[in-house]
Amino acid sequence: YSHIGIHESMIKDRVRTDAYREAIMLHQKFIEGKVVMDVGCGTGILSVFCARAGAKRVYAVDASEIATQASEIVKANNLADKIVVIHGRVEDVDVEEKVDVIISEWMGYMLLYESMLPSVLFARDKWLKPGGLILPSHATLFMAPITNSDRYEGSVDFWCDVYGINMSALVPLAKKFASEEPSIEIVGGENVISWPFVVKHIDCYTFTVEEFKSITTTYKVSSMMLAPIHGFGLWFEVEFNGPAESCSNLSSDSSPLDIIQKKRRRASDSTVVLSTAPEDEPTHWHQTILYFPDPIGVTQDQIIEGSVTITPSEENPRCLNIHLECS
């Protein structure tokens, strides 16, 4: 995270950056004159947003070397009297006062990959005052079967005829490569062949590290078309609700109607939502696709059911193991 390219990609993602700036201004009454902690501050852009929204003090914490540049950015914007940049893991640093607000851009690919959520929860439990604000406040991970013949043909069937040469001996390797780990890419709403189901809904005010150790859900969806299923797509959305505001809790039992009604309600109120769904404007997170070695043909209205389990890797907790069952 000391590589500037990562921060350039995130900051240039206007969907992401505008959502955070809008949320800070929406909740300015909770920030003005208050103490804020920015967990994983990176370049310090969110800390600067909070300081400009009137925060009395902002503790900007980051474990990577980018904290050095964040300090320079703070000085260059004449905010050294408000923003304290701390270089270190949030689990190791010393902050001698409680905070009113915790803000963090902790989400990774498919929400949880390389996620800093455990660090946010640690900061919440150690420093957040009762009734304090967490931004974002809620997160929901969605999943749905997808069809993507162009992608499959381009990476698997391609080997059957290469400049007139039969290279089909490479097809099994291509299938293995395509399906052994998730692919980060953009798919459109037209690639999604059923209503999405909820893998996990996270309330950042109450979620625990223990719950993060294993996330499991079963699913049962109906295909909306005759098409081959090439795998499953995952995406997420986060909401920026105030401490006293409730969030429409979407569980794994949520029906398509629940999801539609929730989107309609949000469109008519002032909730700020950052979405990485296929039908929404693309973000640097794209979508995460779990491809099958071979496509599975389904007919319209055919039932697709199974389970998915997501657990942190024992070798590296920021990586994930995904176990998917489908029939």
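Colleague: Against which elements do the buried residues of α4 pack?

Modeller: In this predicted model, the buried residues of α4 are L46, S47, V48, F49, C50 and A51. Their partners include both helices and strands. The elements they pack against are α2 (14–26), α3 (28–31), β1 (35–39), β2 (57–62), β3 (83–87) and β4 (99–103).

Colleague: Why is helix α4 described as largely enclosed by the rest of the structure?

Modeller: A residue counts as buried when its relative accessible area is under 20%. Helix α4 spans residues 45–52. The helix is largely enclosed because the number of its residues that are buried is 6 of the 8.

Colleague: Which residue just after α4 takes a positive phi?

Modeller: The phi angle in question is about 105 degrees. The residue that takes it, just after α4, is G54.

Colleague: How many salt bridges does the structure hold?

Modeller: Side chains of opposite charge can pair when their charged atoms come close. For the structure, the number of salt bridges is 15.

Colleague: Is E185, the partner of R151 in a salt bridge, buried or exposed?

Modeller: The closest N and O atoms of R151 and E185 are 3.0 Å apart. R151 belongs to helix α7 (residues 149–155) and E185 to strand β7 (residues 183–185), so the pair ties together parts that are 34 residues apart in sequence. R151 is partly exposed, with a relative accessible area of 28%. For E185 the relative accessibility is 13%, and the residue therefore counts as buried.

Colleague: How many residues apart in sequence are the parts that D294 and K175 tie together?

Modeller: D294 and K175 form a salt bridge in which the closest N and O atoms are 2.5 Å apart. D294 lies in strand β12 (residues 287–298), whereas K175 lies in helix α8 (residues 171–180), so the parts tied together are separated in sequence by 119 residues.

Colleague: What is the relative accessibility of R89?

Modeller: E91 counts as partly exposed, at 24%. R89 likewise counts as partly exposed, and its relative accessibility is 42%.

Terms used. Residues numbered from 1 in each chain as written. Predicted model: local features only at pLDDT ≥ 70, side-chain atom pairs only at ≥ 80, totals over all residues. Heavy atoms only, no water. Buried < 20%, exposed > 50% of the residue type's maximum accessible area, 1.4 Å probe, protein only. Helix = DSSP H or I, 4+ residues; strand = E, 2+ residues; numbered from the N terminus. Contact = heavy atoms within 4.5 Å. Salt bridge = Lys/Arg side-chain N within 4 Å of Asp/Glu carboxyl O.
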